[in-house]
Every structure is written in structure tokens, then in C-alpha cells.
Amino acid sequence: MTVNLNDAQKQEFLNKYSFHTHTCGQLRESDIDSTVTLCGWVAKRRDHGGLIFVDLRDCYGVTQCVFDPDIIKDKFVLGEQMRPEWVIKVNGFVRHRPEDTANDNLATGQIEVVLEDCEILNKSKTPPFAIEDGIDTDENTRMKWRYLDIRRPEVTDALKLRDKVCFALRNALHNRDFTEVETPILAKSPPEGARDYIVPSRVNQGCFYALPQSPQLFKQLLMDGGMKRYYQIARCFRDEDLRADRQPEFTQVDIEMSFVNQDDITDLMEDILQEAFGAIGLDYSFPLDKVQYSEAMDKYGCDRPDRRFGMLLQDVSDIFEGCGFKVFASAIENGGVVKAINAKGCGAWPRAQIDKLGEYAVECGAKGMAWIQVKEDGTVNSPIVKFFSDEQIATLKERLNVENGDLVVFGADKYSVVCEVLGAIRLRIAQICELIPKGTHDLCWVVNFPMFKYDEDAERYTAEHHPFTRVLDEDLDKIESDPAACGSYSYDLVMDGFEVGGGTLRIHTPELQRRVLHAISLDDETIDEQFGFLMNALSFGAPPHGGIALGLDRLVMLLGGFDSIRDVIAFPKTSSASDPMSEAPSEVSKRQLKELSIKLDL
């Protein structure tokens, strides 16, 4: 039987099995005249000549403690010796703070504890940075001393938020009859996907395990095993270049269900998210919009649209077809497009700032960036405006709702390149102009992705999501003849311009699975070698099934308003995939290498 404790009951258990009678964030005016025991770290010490005040901190808050020589007597000397981050245990009685000394910024700010006894549990060296919020300290320094960084309230609060979200998701899934199952960490390296972290086997010389990029195949096998509803808060690993929302090891809430369609899964996830959001005090309106993949790319330039501001991409190819500007005309003649966005209010930007935006466009894959500036007096400024007629400029203004003081930015190239570049520029302008209201969230589903995409470097098709995704029923006859035209049963959960979840309906017959693997240029020998266990499982009556994986780190990052997933991970890696605290990765001994039959060739 599940027992839900109220806050008072939780606090009782917290204090029952501990040195202390109360935490440092617990005492209130109702506790005045109580005798209490507190434990924690010295946050601050102030000597007022006769009285010494110590702010005692734990992960629940801060309580002001008073060393009065008339009361604590021979232990007063400890207050004189005390330094920041010493660990102490104190006993005393609670009283009102003297008049005009209350601190309304603290939950305990109306009271203080007058000490009758004190015990030093451990001393501390001087910390390399202040243990307080809002510090301006290099992130690598904070990560080197991460155990000290965690003591800071904002870091502690981030980890507590993660715990609340995690517990709420787990509880919601458990109450909907999902079974939590752990899948292997040491697995087989698949031929598709991102770069693996590999682990040598001592027992099987010359062979390697791969750390899982996700539990994808195992959760499908659980459906084949009749589990019906599975979930796992799973550790996953990818050897990728890092960025603010990516780490080499990350956590996903992994979910799989049998005998479901796409709407069953998205509807269920909305119920679960609504419950999880409610647990942290976020009231968000469900159901969510479903945005077609094609619409997301066309309007926002990416498949994870941030819809909290406008500035949508608009096709203006028809306006400039056959115009005198060769860049536009040739792009259209070669089957490409000309698209534009209207950056409202940016018409006063100096040329240097526009050029800087153009440099960013080149970094994103453009050959250059065309623009038209409409100044406050209505004059049009641009190196390319001379190539256009007054009618073309008027039509452009009408279509994009261009007013005085606006800046129009263009992209002209292949459709995919234009969408990607303008999508990135749209986000960059929004950041520069601070168009996104702080503390706001927008969630939607992006659905019906293409099944395949063509990899020009590899000169073959690859899977858009993964090769175990089910092709749309109406496109089954195109797998061999026209892979690019195949759609899929797929859905991504997008929040504030980030993909926080992704899923698909899965292939559940061996015949279709083999066709899809053939389409991505795997031959039968490779299929049987790499996926023989899956093909066998599908041949024993696998049920129709599908699932989704939520990126827990990204979700908590966005809910907490953080800039990086490193802020919500207890012990993250740096941008070079290293840990300055534990000094991982590191070299191993020659003996270990010999046991594994590994010889380094550096």
C-alpha cells in the first residue's frame, strides 16, 4: 500500500533518524522557547563585540545562531575560532530576533537560536569560492570542486527539482500499471546511430561491449515478451561533441507500450506530464497542439520550433522569380526557394550588426545573407534593392507585414538549406532582441517525420529517427522505389525550442523490418549478424507496439529556467567530456591493458 506523507510527517521522519531535532530551514515563531539541536555548515560568522552570530546552513535553509558568553560560557571560544564551512552541531533555545533585526528574506528570519552547547564535527580549509548563490566563478573551477558547488542553494534546489520531476513521472507511470524494468548497460554495438562508447571484454578477448545509446532494442524485446507496459529511468551514453543541452552520459525516461496507436501514446504522455508539472506547481494547459513535420520546417526552419515568438519563415519565390538579382533567380531556376523573415523593429540596426548576422548565416551553411532595411522614415536601404521593381518591394512588404523600422532577411538556396539557415537566424535575432518572455513555456508535438533521409557524404539513405520505426501504411509500396517519399509513425515532444522527447510506433514483423534495413543499405548478412536476435524475436508473434523517451536532463533544465543541462546534473562533464573533479578520463595501468590484450598506438 502506498502511503503519502504530508510535509509535517516528512519532517518528522527527517529529524527522527538524525543528530538534529530540526533542520536549518524549519524553525518558525511557533517554535519560540523550544530547545533544539541543529547540525550544518557555518555559512557566515559575525563578531559584534561580546556576541558572535553564526549563520548555520544545511540543504533546507539557514538559521541564525547566537554565541552569548553569559549562556554558552566555556564554549564561547569555539565561536571565536569558527570559520566558513566548518561542520558543527549546536544545542540551544529559540527566541524572537531583537527588534529591527528580523530578516524577511529568510524563512527562519523571525527567530534565532541562542546556543547552550556547541560541538565541532569537522573543520574546513578555505573554500576556493564563496558558497552562496550568484557567484561569478569560472564553470571549470566550480566543476573541479563540485562537492562544494552542490552546497550552494541554487545547485541544491536544481537537484531537488530534478528529484521532484523524477518522482512524479515514476509515480504517474506506476499508477498507470507500467512496470519498471532495468535493461543491460553492457550491450552490443549497433551499425546505426551515434558513435558508441565501447568497453573491452577481458573474458572474451578481442571483443567489446557498447554502452547503450538508448534501451531501444531491449524495450522492444520486452514487448515481445508480453510485458505490455514498460518504463525505465535509464542511463544512456553517446560519444558526441558536447553542447549546452548534451552530455556524454544522460538520463531518459524510457517508455514502451503494446497494442497502441500514435494518439494513445501522445494522449497518455500528456496525462503524465500534466501530473508531473502539477507536482512542481506548474499549471500548463493540455491537450497540446500537433504540428506536422512539414509545417514545422516550412514556418520555423527546424523540427523543434520555438513558438513563443513570431518571425515565421515565408516563401517569397513567386515574387522574385526571374528578377534581376542573380542569387535569387538562379536558386529558383535550380529548383530551390527564396524565403524571408521580418525582424520587426530591427530596421535601425547599424550595418556592422547586420554584417555580423550575415557571418552567422555563413556559419550555419549559407553562402551569404541578403537583406532589406526599411528605416523609420520609410526609405529602403539594401545593396540588392536596385535589382527589384517598386511592385516587387510593395508585394514583399504586404506579404511580410513590413513596416517602417523593420529588417527583412532572405535565404536563397535548396529548400532544406534555406529552412535550416533562416531557422537559426530567427532564433539568433530573438536572443539579441530578447523576444522570449522569461518564465514562459510552450509545448507541442511535431508529428509524421519522414522515414528516411539521404546522407550525401555516405551516399545512402539513413533513418530519420531509427530503423525500427514503422513506415506509414500508405507508403509501404515506396520503400524500395522512392524511400524519400516514405512517411513514418513518429512524434517528438518539443518544449521551448528543444526536443525533450521523441518516439515512434515500431516495426513488429520481420518482413517489414528487413525491408527497412535493406533500404538503409544493410545486406542480409549484416542484418543477421547485427540484429539476428531482434529478427528472431519478431518472428515469434511480436505485438504492435510503440513508445517514447523523454530527455530528463533537458526537461528539468527547461522547467528550472537553466541555461545548460550541466546545471541539473550532480556531477556533469565539461565541454571536452572530462571531469576535472575526479580527473576522468585517465590513463590505465599497463597491467590492465595487458589483461585486455590491448596495445596503444598513439
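Is Phe-328 buried or exposed, and at what relative accessibility? In this predicted model, Phe-328 has a relative accessibility of 1% and therefore counts as buried.

Just after helix 11, Gly-335 adopts a positive phi of about 85°.

## Aromatic pairs

The model contains 16 aromatic pairs. In one of them, the ring centres of Phe-328 and Phe-410 are 5.2 Å apart and the planes stand at 55°, so the pair is tilted. This pair joins distant parts of the chain, with Phe-328 in helix 11 and Phe-410 in strand 16, 82 residues apart. Phe-410 is buried as well, with a relative accessible area of 3%.

For Trp-445 and Tyr-491, the ring centres are 6.3 Å apart and the planes are at 80°, so this pair is edge-to-face. It too links distant parts of the chain, namely strand 17 (residues 443-447) and strand 20 (residues 490-495), the two residues being 46 apart, and both Trp-445 and Tyr-491 are buried.

Ring pairs also link Phe-320, Phe-325, Phe-328, Phe-387, Phe-388 and Phe-410 into a cluster.

## Charges over rings

Lys-160 lies over the face of Tyr-60, at 4.3 Å from the ring centre, while Arg-426 lies over the face of Phe-309, at 4.0 Å from the ring centre.

Technical notes
Residues numbered from 1 in each chain as written. Predicted model: local features only at pLDDT ≥ 70, side-chain atom pairs only at ≥ 80, totals over all residues. Heavy atoms only, no water. Helix = DSSP H or I, 4+ residues; strand = E, 2+ residues; numbered from the N terminus. Phe/Tyr/Trp six-rings, centres within 6.5 Å; stacked < 30°, edge-to-face > 60°. Buried < 20%, exposed > 50% of the residue type's maximum accessible area, 1.4 Å probe, protein only. Lys NZ or Arg CZ within 6 Å of the ring centre and 35° of its normal.
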